[in-house]
Amino acid sequence: MKYRLFLILVIVIGALGTAQSYTNTFSASGGIFGDGYGGELAYNTNLSENTFTQLALNVTLTNYTSGTTQIPYSSYTASYSFFLTIYSRNRKMQALSIGAGALAGYEAVNGGNSEITNVVSVLGESSFIYGGVLSADLDIIISEHISLVLKTSQFYHVNSDFGNFTNYSGIGLRYYFNL
């Protein structure tokens with residue numbers, strides 16, 4: 001009887017130890033985007049213990065400087081990236097992941113107006129933009145469902161009139177849930 005109980009216990013513990021539940025997450029962050037401010041909403045789908053995909057929506061609000069003139073500029077992009085966790089410690093209580101992906105969106109220049117004053121007009125136009133993104137994501141677990149996220153991303157807009165490279169560095173919260 002003791003042998004059977006021990007065998008059942010070993011099988012149950014073994015099954016529980018190998019069963020994996022990779023939770024999905026949602027995060028919101030804000031920070032510095034280029035010379036202005038911005039934010040990001042992201043949804044992560046965990047593929048394995050060390051990999052996940054991310055669908056992110058980014059907003060940039062800044063001013064582009066042309067000589068002495070400040071031109072209001074904003075961009076709205078969506079990106080899809082693949083991430084790999086390259087370092088973790090304390091049973092994944094802190095994890096550093098890097099990722100790369102593609103983005104597409106819209107850049108709005110001066111609220112759609114091509115003239116700033118009677119003398120100055122905008123050389124760039126509001127338009128559809130696309131490109132790529134490289135990111136680093138530091139996740140620090142706070143509780144069972146919440147973590148602090150430190151993120152930096154380098155965006156490359158292939159066809160932007162206001163700079164091809166834009167950096168986003170921000171801080172936010174991530175919520176872990178099971179589907």
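These questions and answers look at how some terms apply to residues of this structure.

Reply: The model is predicted, and for that reason local features need pLDDT of at least 70 and side-chain atom pairs count only at pLDDT 80 or more, while totals for chains, interfaces and linings use all residues. Residues are numbered from 1 along each chain as its sequence is written, and side-chain values use heavy atoms, with hydrogens and water left out.

Me: Why is Asn44 called buried?

Reply: Buried means under 20% relative accessible area, exposed over 50% and partly exposed in between, with a 1.4 Å probe and protein chains only; Asn44 has 3% relative accessibility, so Asn44 counts as buried.

Me: What makes the pair of Asn44 and Gln54 side chains a polar contact?

Reply: A polar contact is a pair of N or O atoms within 3.5 Å, where within protein one must be able to donate a hydrogen and the other to accept it, and residues adjacent in sequence count only if both atoms are side-chain atoms; the Asn44 and Gln54 side chains make such a contact at 3.0 Å.

Me: How do you know that Ser29 is buried or exposed?

Reply: The relative accessible area of Ser29 is 15%, and therefore Ser29 is buried. The side chain of Ser29 also makes a polar contact with the side chain of Tyr168, at 2.8 Å.

Me: What makes up the largest nonpolar core?

Reply: A nonpolar core is a set of buried Ala, Val, Leu, Ile, Met, Phe, Trp, Tyr and Cys residues joined through side-chain atoms within 4.5 Å; here the largest one has five residues, Phe33, Leu103, Val133, Phe155 and Tyr168.
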